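Please read the following account with the sequence and the three-dimensional view side by side. It moves from the chain as a whole to one helix, then to a sheet, and ends with a few single residues.

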Amino acid sequence: MVENSSNEHKARLYATLFDAIPSSVLVLDRGLRVLSANRNFFEKSRSSPSSTLGFPLSEVFPPGILDHTNIVSHIRQAFAINRPSPGERMTYRTPGQPIRYYYYRVIPFLWNGVVESVLLLMDDVTEPVLLSQEVRKVERHLASVVECAHDIVLSTSVQGTILTWNGAAERLTGYRMEEIKERSFFEFCTELHRELAEQAFENIRARGGPQAGEWHIVSKNGEIIPVSWACSPMCDEMNGRNTGIVAVGRDLTEYRKLERQLMQSQKLAALGVMAGGIAHEIRNPLAICFSAAQFLAEDDITEEFRRECVENIRIATSRASMIIENVLRFARPSAHNDLSPVDVVQILDETIQLIGNQAATRKIELIREVPERTVRVEGIANQLQQVFMNLFVNAMDAMPNGGFLRVRVEQDASDVRIHVEDSGCGIPEADIDKIFDPFYTTSPAGTGLGLSICYSIVKEHKGTIEVQSAPNQGSTFTVRLPRSAANLVPA
């Protein structure tokens, strides 16, 4: 009795352990009949012991499944040579249920040196398989987006070694992926911008935040390509460690061409605003010349009056010539873009002279707080004149009912600050951060390009432009430019 009780206890323990196995388990004999199956199998297959135990495997599994897997051959091999089979994946569908994926193995069960039965172990891997398929789908989608992107998209190690390089990068630079992989990104930057790119990558390594900048690159044929870059760290989700850097670059070649065209068109637009004032300024000296010429044609004038007429003609023609020269200097493009010492005071005076009559017509008082001495900065005179002209015109447009326009210059050991202040309508707080964006304007007749061009020019002069404004309280634009080393006048 004791022995029978012990055997029953072992049998129950065996059944409990058998049912506790998280895998689906079938015990098969040499005839491929099911001797036993655990609870997991019955739950997954939605079958019962009465329709499973004692039945051939071909009747237990859905039709056709054994024809498309190696289960039978693995079972026979396990009986023949007592060797477990390698793991394989199979697809299993219960009628009326979604498809399931299983990872199965066949393990021989040895008793007294003879393979008495085999265990068919099946693990449900449906969720990992579906997740893997979804991940691959997302990866393919992201790869397609990156590859089809018009912008350069590349990834590097934290040190700047190139890991991936999309089709846009290949088309723009002429380098194929196999030519640049494992090379440093900084090799392809121009010498002028290489240090800036290295510093940006160092900032990402040190602080982890994104970095942006304009670093020109050199193509395979030696062409220098202006590119605007935005770089971000790639972080390990487990520990937050920076594992690489993603860089997205936009080719600025066409933008630079458009910008130059827009700068020229902005000059012409500003000249249109000045046209009335210039016509008035030139008409006055021409009238003086005409009157003096009429007097000179008479025979009965004194020698002293004759000399006075000649002097008036000389002064009037000189003034007209100066006005025309200022207009031409503003209108024609630079022959080069090399910065050289220029006098800010002279540029401001010439620009103020160009808008003087227009300001008077609009009942705008011009207040000049400019040093009488030379103040030099490194720059291009006609480009800086365009900046000030755009600021002056914008200020006058903000004062349709008149007001004042104050131009003030301050300087210290390193910088020159030009303040352009008006008493106009001001700028709403919501618009302050957008006024330097290309094509952003609140004026029905505006293009939204003037201040954008001003910002670009000042940036190229290694300076800054800022604004302080409030509705109905006027605006003050401050242009900050580095002082020239050739400035001989102490601050």
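**From the whole chain to single residues**

The chain holds 14 helices and 19 strands, where helices (H or I, at least four residues) and strands (E, at least two) are DSSP runs numbered from the N terminus. This is a predicted model, in which local features need pLDDT of at least 70 and side-chain atom pairs count only at pLDDT 80 or more, while totals for chains, interfaces and linings use all residues. Residues are numbered from 1 along each chain as its sequence is written, and side-chain values use heavy atoms, with hydrogens and water left out. Of the 491 residues in the chain, 40% are buried; buried means under 20% relative accessible area, exposed over 50%, and partly exposed in between, with a 1.4 Å probe and protein chains only. Among contacts (heavy atoms within 4.5 Å) between residues at least 6 apart in sequence, 57% join residues at least 24 apart.

Helix 11 covers residues 344-361, and its 18 residues reach 26 Å from the first C-alpha to the last, close to the 26 Å expected at 1.5 Å a residue; the expected span is 1.5 Å times one less than the number of residues. At its N-terminal end helix 11 is capped by D343, which has a side-chain oxygen 3.1 Å from the backbone nitrogen of V345. After helix 11 comes K363, whose phi is positive, near 60°. The buried residues of helix 11 include V344, I347, L348, T351, I352, I355 and A359. An α-helix has 3.6 residues a turn, so residues three or four places apart point the same way.

Where does helix 11 pack? To follow this, consider an open sheet of five strands in the order 14-16-17-19-18, with mixed pairing; two strands pair if DSSP finds at least two bridges between them. Strand 14 (364-369) and strand 18 (464-469) stand at the edges with a single partner strand each, so one side of each is left without a neighbour in the sheet. Neighbouring strands of this sheet are turned by 15° against each other on average, direction ignored. Strand 14 and strand 16 (residues 403-411) run parallel and are joined by six bridges, and E365 stands opposite F404 in strand 16. Helix 11 packs on this sheet, touching strand 14, strand 16 and strand 17 (415-422), and its direction makes about 165° with that of strand 14. Helix 12 (residues 381-397) also packs on the sheet, touching strands 14, 16, 17, 18 and 19 (475-482), with its direction at about 170° to that of strand 19. For these angles, axes are lines fitted to C-alpha atoms, for helices over the stretch in contact, and angles run from 0 to 180 degrees between N-to-C directions.

Some single residues complete the tour. N472, in the loop between strand 18 and strand 19, has a positive phi of about 65° although it is not a glycine, and N472 is exposed, with a relative accessible area of 70%. L32, in the loop between strand 1 (24-28) and strand 2 (34-37), has a positive phi near 65°, but L32 is buried at 11% relative accessible area. A169 lies in helix 6 (residues 167-173) and counts as buried because its relative accessibility is 0%.

Key
A polar contact is a pair of N or O atoms within 3.5 Å; within protein, one must be able to donate a hydrogen and the other to accept it, and residues adjacent in sequence count only if both atoms are side-chain atoms.
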